Amino acid sequence: MNASRTARERARAELVSEITAAARRQLAETGAAALSMRAVSREIGMVSSALHRYFPTRDDLLTALIVQSYDALADALAAADPGSGPAEHWRAIAQALRSWALANPHEYALIYGSPVPGYHAPTGTVPVASRVLEPLAGALATAHVAGTLVDAPEPDPALAADADRIRVALGLPDLSDGAVFAALTAWTGLLGHLSFELFGQFENAVDARDALFAGTVERLGRVAGLL
């Protein structure tokens, strides 16, 4: 019975992988808002009613794609070489983020682009989304312990509760409110830069995009207190 159950589980996992691969191809062709269960089932030669046994709704399929995208990005960032310390780690994280985004523009758009109309991500996506921040948290923690993290001005007191929430997400209970929001500003600055690059906003304006990004990384690293 155990062998039979294992074989069924393996077959199910392979089919789920085939379904999500077809859905990712559809993302590239039509975008997340146009993701169609019927089109996915047609591509893999499955009747749509059978597909619903694996993903009851389009939103369930979207959630699976979002989780996979966050996991893939988190793995790429975790592989960034910490180098000789927090400054080098920050640079490596930023370059890994850009490399992944350029190689996976549709997955990047799914997790950091425009919201999909009518879709609301379940709370279950929060832990996997938080994994993306673990390398940055590691660089901040190393700098904080070493006493090299440059603190930032304290933000508006109205942000105190938000700072507590972000500290929990980062796993850095001793970080000051100023350092928390400096890191948040730096991280969202990277994402904003990459969104401009991926969505064509630098066309006819900036050709030397590697150099532009490198400069952005340096400036935002100083904002984060890591450089």
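Reply: One definition is needed at the outset: the expected span of a helix is 1.5 Å times one less than its number of residues. The model discussed here is predicted.

Me: What span is expected for α10 at 1.5 Å a residue?
Reply: Helix α10 covers residues 177-198 and has 22 residues. From its first C-alpha to its last, α10 reaches 32 Å. This is close to the expected value, which is 32 Å.

Me: How far apart are the end C-alpha atoms of helix α4?
Reply: Helix α4 comprises the 21 residues 58-78, which at 1.5 Å a residue should span 30 Å. The distance between its end C-alpha atoms agrees with this expectation: 30 Å.

Me: How many helices and how many strands does the chain have?
Reply: Read along the sequence, the pattern is α-α-α-α-α-α-α-α-α-α-α. The C-alpha trace spans about 60 × 50 × 35 Å along its principal axes. The count is eleven helices and zero strands.

Me: What percentage of the residues in the chain is buried?
Reply: A residue counts as buried under 20% relative accessible area. Among the buried residues of α4 are L61, L62, L65, I66, S69 and Y70. For the chain of 227 residues, the buried share is 38%.

Me: Are α5 and α10 roughly parallel or roughly antiparallel?
Reply: The axes of helix α5 (residues 86-103) and helix α10 come within 11 Å and cross at roughly 30 degrees. Angles under 35 degrees count as roughly parallel. The two helices, α5 and α10, are therefore roughly parallel.

Me: How many charged residues are in the contact of α5 with α10?
Reply: α5 passes α10 in a right-handed crossing. On the α5 side the contact includes W90, I93, L97 and R98, which meet residues of α10 including W187, L190, L194 and E197. By class, the residues of this contact are twelve nonpolar, no polar and, as to charged ones, two.

Me: Is R98 buried or exposed?
Reply: R98 lies in helix α5. Leaving aside neighbours within four places in sequence, R98 is in contact with L194, E197, R209, D210 and F213. Its relative accessible area is 8%, and the cut-off is under 20%. R98 is therefore buried.

Me: Are α5 and α8 roughly parallel or roughly antiparallel?
Reply: The axes of α5 and helix α8 (residues 134-146) come within 9 Å and cross at roughly 165 degrees. Angles over 145 degrees count as roughly antiparallel. It follows that α5 and α8 are roughly antiparallel.

Me: How many polar residues are in the contact of α5 with α8?
Reply: The crossing of α5 and α8 is left-handed. P86, H89, W90 and I93 in α5 meet P135, L136, A139, T142 and A143 in α8. This contact has seven nonpolar and no charged residues, and its polar residues number two.

Me: What distance separates the C-alpha atoms of A224 and F181?
Reply: A224 is placed in helix α11 (residues 209-224) and is buried, with a relative accessible area of 1%. Not counting residues up to four places away in sequence, A224 touches L140, L149, A182, A183 and A186. A224 and F181 are 43 residues apart along the chain, yet their C-alpha atoms are separated by 8.3 Å.

Me: Which residue with a positive phi follows α10?
Reply: The phi of this residue is near 80 degrees. The residue that follows α10 is G200.

Technical notes: Residues numbered from 1 in each chain as written. Predicted model: local features only at pLDDT ≥ 70, side-chain atom pairs only at ≥ 80, totals over all residues. Heavy atoms only, no water. Helix = DSSP H or I, 4+ residues; strand = E, 2+ residues; numbered from the N terminus. Buried < 20%, exposed > 50% of the residue type's maximum accessible area, 1.4 Å probe, protein only. Axes fitted to C-alpha atoms, helices over the stretch in contact; angles between N-to-C directions. Parallel < 35°, antiparallel > 145°, perpendicular 65-115°, else oblique. Left-handed = near helix turned anticlockwise from the far one by under 90°. Contact = heavy atoms within 4.5 Å. Nonpolar A, V, L, I, M, F, W, Y, C, P; charged D, E, K, R; others polar.
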